[in-house]
Structure formats: C-alpha cells, structure tokens
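Please walk through this protein with me, from its overall make-up down to single residues. Keep the sequence and the 3D view side by side.

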Amino acid sequence: MTRKPPVASCLAVTLIAGFGLLVWSGTVEAQTKARPYHFGLGALASWTRDAGNPAAGDTNQYGLYLQKNSASLTFAAAGASITPLPSSTTGGNLQELSFQISGYPGTDGEPFEGGLFGPSHGYCESTPRFAVSSTAPSSCFLACAQGAKTHLASGWWTIKFVPPFTAYPGCEDGVTGNVASIDVVMQDGNDVGPGNVVLDNITIRRSGQSFVVGNP
Ligand SMILES: [Ca+2]
C-alpha cells in the first residue's frame with residue numbers, strides 16, 4: 001500500500017505553484033478566505049465563475065460579485081468577511097489593504113472625465129469599501145474612491161490603501177491594536193450607480209506577508 005502524502009502539504013504546494021502571489025499561512029484551516037454575506041432587498045453576494053480578473057492558477061476565473069439592487073438608503077448590503085484573518089494582524093503591522101475591480105485594457109478615460117481613471121471600470125465610489133474593526137474607537141471605512149489606483153495589463157484596476165490609515169476620510173480613528181475583522185462591503189444602490197460590482201484578489205499585507213483572496 002502506497003502511503004499518501006499529507007493533504008495539507010499537497011494543497012499548499014499546488015496553491016503556491018499555481019497562484020504565485022499567494023502566501024501560504026501554515027495550515028488548511030488557517031487559509032484566509034472571503035466569505036460572502038448579504039441581507040435586505042435586492043442584495044446578493046457570491047463568488048461567480050468567469051467574472052474575475054484573469055490570473056494564472058485561477059482557472060475558473062472567480063470574481064466576488066456584490067449586488068445591491070435597491071436604493072442606497074435601503075437597509076441592505078452585500079459583502080464578504082475576510083476570515084480567518086492572518087494571525088496577529090494589528091494596526092502596527094498592517095501594511096496594505098487592496099482589492100481589484102474590473103476595467104478596460106488600454107486608455108480608460110474619456111476627455112470629460114479628465115483622467116486615466118475614466119468611466120470604463122466597475123463602480124468605485126463610497127463603496128465598495130473595506131470596513132476594519134480594531135481597538136480604535138470606531139470602525140475604519142476605506143472607500144474605493146479614496147484608494148490609490150493602478151491600471152493592470154488585463155484592464156482591471158488595483159485599489160490600494162496604505163498607512164497612515166487615518167489619512168482616509170472615514171478612517172479618522174485609524175486602525176489600532178488587534179484587528180478584529182475586515183470586510184468588503186457594497187452599500188451604494190441602484191439609485192446612484194449600477195447597484196453591483198465585481199471584486200477580485202482582495203489582499204491583506206501584514207508584517208511583509210501578502211494574503212491574496214482570489215477565489216472561494
Ligand atoms: Ca479570481
């Protein structure tokens with residue numbers, strides 16, 4: 001009888017070889033995921049095949065679809081909890097939060113928009129946003145519109161937030177002490193935009209390690 005190698009080792013090797021960006025956090029149980037949730041009228045959150053940023057290793061091209069097909073003021077939201085968080089994530093060692101949204105390759109601007117970050121991209125205003133809970137007096141909200149934007153060869157955009165997080169409107173109290181939770185949330189409805197967005201490659205970088213969530 002042939003002895004099988006440990007499942008965790010096989011999976012880790014496969015994932016590291018396939019994803020490149022992914023940093024394995026130690027065990028299968030500890031792998032950081034984005035777990036979709038939604039509530040209220042017209043809301044839906046789900047990992048969707050063939051919707052994400054094309055990437056080596058993500059053969060099903062998963063993207064995180066967040067929909068709110070109701071008015072912004074409706075008590076409804078679509079989002080995902082990033083869990084389990086990388087161990088020992090604190091306000092002191094958190095170096096980056098980012099996600100990607102869809103876009104168009106090449107010039108992504110029109111003259112009346114006045115810039116490279118033109119209209120040919122997924123919805124990016126006060127939401128989608130990160131919501132970070134820590135020992136700070138209030139939650140830290142990092143709105144898509146406030147992030148640094150980098151256009152990728154695929155046409156997708158990376159939306160990135162780096163310290164000091166207090167510099168971002170909505171995060172005046174910063175991120176301090178132990179980080180209790182990190183979510184991505186879509187709360188803007190179809191009265192101010194399309195009412196949906198697709199995210200991919202949600203990234204937490206802490207203590208020099210990047211944890212990238214690009215599929216279920
Ligand atoms: Ca993906």
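This is a predicted model: local features need pLDDT of at least 70, side-chain atom pairs count only at pLDDT 80 or more; totals for chains, interfaces and linings use all residues.

What follows moves from the whole chain to its sheet, its core and a few backbone details.

The protein chain has 216 residues, and 37% of them count as buried. Its secondary structure comes to one helix and 12 strands. Now look at the contacts between residues with a separation of 6 or more. Residues 24 or more positions apart account for 69% of these contacts.

Turn next to the strands. Strands of a sheet pair through backbone hydrogen bonds, in a parallel or an antiparallel sense. In this model, five strands form an open sheet in the order S1-S4-S10-S6-S7. The pairing in this sheet is antiparallel. Which strands stand at the edges? They are strand S1 (33–39) and strand S7 (140–143). Each has a single partner strand, so one side of each is left without a neighbour in the sheet. From one strand to the next, the twist averages 25°.

S6 and S7 pair in the antiparallel sense, over four bridges. Val 132 stands opposite Cys 140 in S7.

Another pair to inspect is S2 and S3. These two strands pair in the antiparallel sense, over six bridges. Ser 46 has Tyr 65 in S3 as its bridge partner. S2 also shows two faces. Ala 43, Ala 45 and Trp 47 make up the covered face. Leu 44, Ser 46 and Thr 48 make up the uncovered one.

The largest nonpolar core has 46 residues. Which of them have the most contacts inside it? They are Ile 82, Ile 101, Phe 130, Val 184 and Leu 199. The largest share of this core comes from strand S11 (residues 196–206), with five residues.

Ile 101 is then in contact with His 121, Gly 122 and Cys 124, among others. Its contacts also include Trp 156, Trp 157 and Ile 159. Val 197, Val 198 and Leu 199 are on the list too. Leu 199 is itself one of the core residues with the most contacts.

Finish with the backbone. Most peptide bonds are trans, and most residues other than glycine have a negative phi. Two cis bonds can be picked out here. One joins Thr 83 and Pro 84, with omega about -10°. Pro 84 lies in the loop between strand S4 (77–83) and strand S5 (94–101). Another cis bond joins Thr 127 and Pro 128, with omega about 5°. Pro 128 sits in the loop between S5 and strand S6 (129–133).

Asp 50 is not a glycine, yet its phi is positive, about 60°. This residue is in the loop between strand S2 (43–48) and strand S3 (63–68). Is Asp 50 buried or exposed? Asp 50 counts as exposed, because it has 9 C-beta neighbours inside 10 Å. Ser 88 also has a positive phi, near 60°. Ser 88 lies in the loop between S4 and S5. With 10 C-beta neighbours inside 10 Å, Ser 88 counts as exposed. The cut-off for exposed is 12 or fewer.

Note on methods:
Residues are numbered from 1 along each chain as its sequence is written. A nonpolar core is a set of buried Ala, Val, Leu, Ile, Met, Phe, Trp, Tyr and Cys residues joined through C-beta atoms within 7 Å. A residue is buried if 20 or more other C-beta atoms lie within 10 Å of its own, exposed if 12 or fewer, and partly exposed in between; C-beta atoms are placed from the backbone. Two residues are in contact if their C-beta atoms, placed from the backbone, lie within 7 Å. Two strands pair if DSSP finds at least two bridges between them. Axes are lines fitted to C-alpha atoms, for helices over the stretch in contact, and angles run from 0 to 180 degrees between N-to-C directions. Lists of a residue's contacts leave out its neighbours within four places in sequence.
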